Amino acid sequence: MNNYLAKPISALISDSNEDFYFAQAHGLTVALAKAEGHHFIGDVVSGLVYLDKSNKIRLTTLPQEVTLETYGWGRVVEVRRDLGVFVATGLPDKDVVVSLDDLPLDKSQWPKKDDQLYVKLQTDNKNRLWAHLAWAEDFQNLSGRAYDNMLNESLRAIVYRIKESGTFVYLPDNNMLGFIHPTETLGQIRIGQEMQVRVIGFNARNKTLNLSMKPRVFEMLDADGQMILAYLENVGGHMFYNDKSSPEDIRSTFGLSKGQFKKALGGLMKAGKVKQDSDGTQLINHQNSEI
């Protein structure tokens, strides 16, 4: 069986029941689901051989992106901490395991259900089928070059590698690669995770993108902070209000309590948008802050 597992064969249909055709090839009897198409006894059918969840020898004529020779995307359907993760690759009634040996030692970086993994098939001498994660070189072969005119574009990304130096992602809608420095990540990152990222730079050496999971500063500001920022811009970048101003003056100008004003002002200072002095609050030059 191992000589034909996950390999394409042609087989002669010799029998059938309500749900399956049965075909003969190389001394094997393989079952082909009738749901895949109509055939007659004596027809020759071609497809991929595998063992389904019930350990039945099956043949599928459905096109398979993930094979012994080619990588493709599989969707995570189950996580087993003692074994690995099961992925659906397109084989009917069969999910294939990515071994824990293929996954990060830190299990917090393991994929979750519905994450996406780029894999190809492997077999062992016990007639078992495995899914093998693509290496960095495989993503380099898959992808094209990025461009240096994409600053601040929002892109869809899938994580394929996590190192101490940062996170490596594939951009499926652009067929490009990107890198996220640890200072530009948010929360726990995992293999196979899909996320929205923002372009913050271009790596000319390897033609990839530098990316951030963080929104632009103005997107992180709450409504009160954006209002104060707009006020500062409208009055030329300086106002005679700071966190020492009277509650009455603050409310009459901004319609905010002093507590609300101080919280919003603190957010603007933390974001590097403004600075305070004894005379009030100054808008920091845009070229010195994140846009």
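Visitor: Is Asp 52 buried or exposed, and what of Arg 58?
Guide: This is a predicted model. Buried means under 20% relative accessible area. Asp 52 falls in that class, and Arg 58 does too: both are buried.

Visitor: How far apart are the closest N and O atoms of Asp 52 and Arg 58?
Guide: Side chains of opposite charge can pair when their charged atoms come close. Asp 52 and Arg 58 form a salt bridge, with the closest N and O atoms at 3.0 Å.

Visitor: Which residue forms a salt bridge with Lys 53?
Guide: Lys 53 lies in the loop between β4 (44-51) and β5 (57-60). Its partner sits 42 residues away, in the loop between β7 (84-88) and β8 (96-99). The N to O distance is 3.4 Å, and the partner is Asp 95.

Visitor: Why does Lys 53 count as exposed?
Guide: Exposed means over 50% relative accessible area. Asp 95, at 21%, is partly exposed. Lys 53 counts as exposed because its relative accessibility is 62%.

Visitor: Which residue forms a salt bridge with Arg 80?
Guide: Arg 80 is partly exposed, with a relative accessible area of 32%. The closest N and O atoms are 2.8 Å apart, and the partner is Asp 82.

Visitor: Which residues do salt bridges that share partners join into one network?
Guide: The whole structure holds nine salt bridges. Some share partners, and one network joins Asp 52, Arg 58 and Asp 93.

Technical notes:
Residues numbered from 1 in each chain as written. Predicted model: local features only at pLDDT ≥ 70, side-chain atom pairs only at ≥ 80, totals over all residues. Heavy atoms only, no water. Salt bridge = Lys/Arg side-chain N within 4 Å of Asp/Glu carboxyl O. Buried < 20%, exposed > 50% of the residue type's maximum accessible area, 1.4 Å probe, protein only. Helix = DSSP H or I, 4+ residues; strand = E, 2+ residues; numbered from the N terminus.
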